[in-house]
Amino acid sequence: MSKSYFFVTILILFVHKVCSQKDSVRIYQVQYERTLDFNDGLDPLVVLEKYTKFIEFNKSLYAKMGDSINTTKIIGDKDDDTTFTFKPDGKNISVVFKDYGKRTFYSKHEIAYKYFVIKDSLDIFDWKILDKTKEILGLTCQMATMNFRGRIYNAWFATELPTGGPWKYDGLPGMILEIKSLDNFISYKAIAFSSRLVKLEELVNPFMLKNMLTWEEFKVLYRKKAIELTSFRPNENSLGIKSSRGGIEMYIDEDDMEYNAALRRLSNN
């Protein structure tokens, strides 16, 4: 069994209301170990990512570290000249922008090598909170479970931290410090966190929204293109192309009759 490990950095911010520093926010930095189990024999892959939450603006960013760095968002305080900046260009499929005030989030997904900005709802996570608790990094965390787009998840969240979570996962009354799908395909586990004060400049949606799709529109377009590709033959030796039904999220249902028929025709060819 092969596993890929992703070390993920999460930055959660909320307003620190003090008279002398009204423009200051406290930043929580959480480091995650992310595991993807493809069961394909590949060597482990390590990637750094971060999640930045701004309670003052009711918005957050989640992005792979190393993405194109162009736009300043946070300036460190007088004792720390660190800046956290990024502007997603190109693929950047790890980037997620969340607007808690409007209950929406934005991400990128690919259809036939073309990338689309997808608008989704923050209210799609149908969590069931359980009575079980355990300690993670010194914080008491409560268990919750949900079914999200083809997979069942168990999660542990800390009410002592602001609501939020890695990647798209969200919607609990506290920060998700651990989440795992029951089929072991994907998991996140917090391995460290810290906090400090910084000064905040601004936060805007970094995505181009001109050709934005909703999740349902994306699924319809993806399915249509996947069916077309089964008949795609650029030359006489081509037999068509089989598309994936999805990755962490399912794009095409297992019982989709039209797509399954197209796959059978492709197999017969």
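Arg223, Ala226 and Ile227 of helix H1 meet Glu258, Tyr259 and Ala262 of helix H2, a contact here meaning heavy atoms within 4.5 Å. That set splits into four nonpolar residues, no polar ones and two charged ones; Ala, Val, Leu, Ile, Met, Phe, Trp, Tyr, Cys and Pro go down as nonpolar, Asp, Glu, Lys and Arg as charged, and the others, Gly among them, as polar. The model is a predicted one, with local features needing pLDDT of at least 70 and side-chain atom pairs counting only at pLDDT 80 or more, while totals for chains, interfaces and linings use all residues. Residues are numbered from 1 along each chain as its sequence is written, and side-chain values use heavy atoms, with hydrogens and water left out.

As for the geometry of the pair, H1 and H2 pack at an angle of about 20°, their axes 9 Å apart. The axes are lines fitted to C-alpha atoms, for helices over the stretch in contact, and angles run from 0 to 180 degrees between N-to-C directions. H1 and H2 are therefore roughly parallel to each other, the label for angles under 35 degrees, with over 145 being roughly antiparallel, 65 to 115 roughly perpendicular and the rest oblique.

The loop between H1 (215-229) and H2 (257-268) holds Thr230. This threonine is buried, at 4% relative accessible area; buried means under 20%, exposed over 50% and partly exposed in between (1.4 Å probe, protein chains only). Setting aside residues up to four places away in sequence, Thr230 touches Leu239, Gly240 and Ile241, as well as Ala262, Leu263 and Leu266. Ala262 also turns up among the H2 residues that meet H1.

Across the whole protein there are two helices and 15 strands, taken as DSSP runs (H or I, at least four residues, for helices; E, at least two, for strands) and numbered from the N terminus. Of the 269 residues, 47% are buried. Among contacts with a separation of 6 or more, 58% come from residues 24 or more positions apart.

Strand E8 (104-111) carries Ser107 and His109. Both are buried, Ser107 with a relative accessible area of 2% and His109 with 6%. Their side chains are joined by a polar contact of 3.5 Å, that is, a pair of N or O atoms within 3.5 Å; within protein, one must be able to donate a hydrogen and the other to accept it, and residues adjacent in sequence count only if both atoms are side-chain atoms. His109 also has a side-chain polar contact of 2.9 Å with Tyr251. Beyond four places in sequence, the neighbours of His109 include Lys168, Trp215, Phe218 and Glu249, while those of Ser107 include Val95, Val117, Lys168 and Phe207. Ser107 and Trp167 sit 60 residues apart in sequence and 9.4 Å apart in space, C-alpha to C-alpha.

Arg103, in the loop between strand E7 (96-99) and E8, has phi near 60° and is partly exposed at 31% relative accessibility. Tyr113, in the loop between E8 and strand E9 (114-121), has phi of about 70° and is exposed, with a relative accessible area of 75%.
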